[in-house]
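Hello,

Here is the structure for your files. Please open it next to this message.

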Amino acid sequence: DREHVRASVELNRAGMRQLTDAFERLGIDYISSVGNFVTIDLKRPAGAINDALLRRGIIVRPVGNYGLPNHLRISIGLEQENARFIAALEDVLAA
């Protein structure tokens with residue numbers, strides 16, 4: 001189903017732009033990706049931030065087991081899901 005694949009690829013591209021635009025605005029470094037996720041570098045241990053996001057109902061993946069203890073892997077979601085994650089991340093980082 002070429003139309004479904006095309007729509008899925010465009011949805012992922014738009015979500016990636018939404019997230020990376022927010023990371024740039026917030027001064028958060030990230031690893032460039034063409035997949036369905038992006039990895040951010042928080043420049044500090046990511047565990048506490050992951051826990052705070054979990055308390056807000058946001059599930060991301062810590063990647064310390066890959067030798068990246070300051071990083072979180074964020075899956076691309078729908079526009080409103082990405083917006084909810086961005087707002088929660090801003091709140092956690094401001095605390």
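Predicted model: local features only at pLDDT ≥ 70, side-chain atom pairs only at ≥ 80, totals over all residues.

Residues are numbered from 1 along each chain as its sequence is written, and side-chain values use heavy atoms, with hydrogens and water left out.

Helices (H or I, at least four residues) and strands (E, at least two) are DSSP runs, numbered from the N terminus. Helix 1 covers residues 2–26, 25 residues in total. From first C-alpha to last it reaches 36 Å, close to the 36 Å expected at 1.5 Å a residue. That expected span is 1.5 Å times one less than the number of residues.

Buried means under 20% relative accessible area, exposed over 50%, and partly exposed in between (1.4 Å probe, protein chains only). In helix 1 the buried residues are Asn 12, Gly 15, Met 16, Leu 19, Thr 20, Ala 22 and Phe 23. They pack against strand 1 (29–31), strand 2, strand 4 (68–75) and helix 3 (79–94).

Lys 43 counts as exposed because its relative accessibility is 55%.

Asn 50 sits in helix 2. It counts as buried, at 8% relative accessibility. Asn 50 touches Val 60, Pro 62 and Leu 72, not counting residues up to four places away in sequence. Contact means heavy atoms within 4.5 Å.

Best regards
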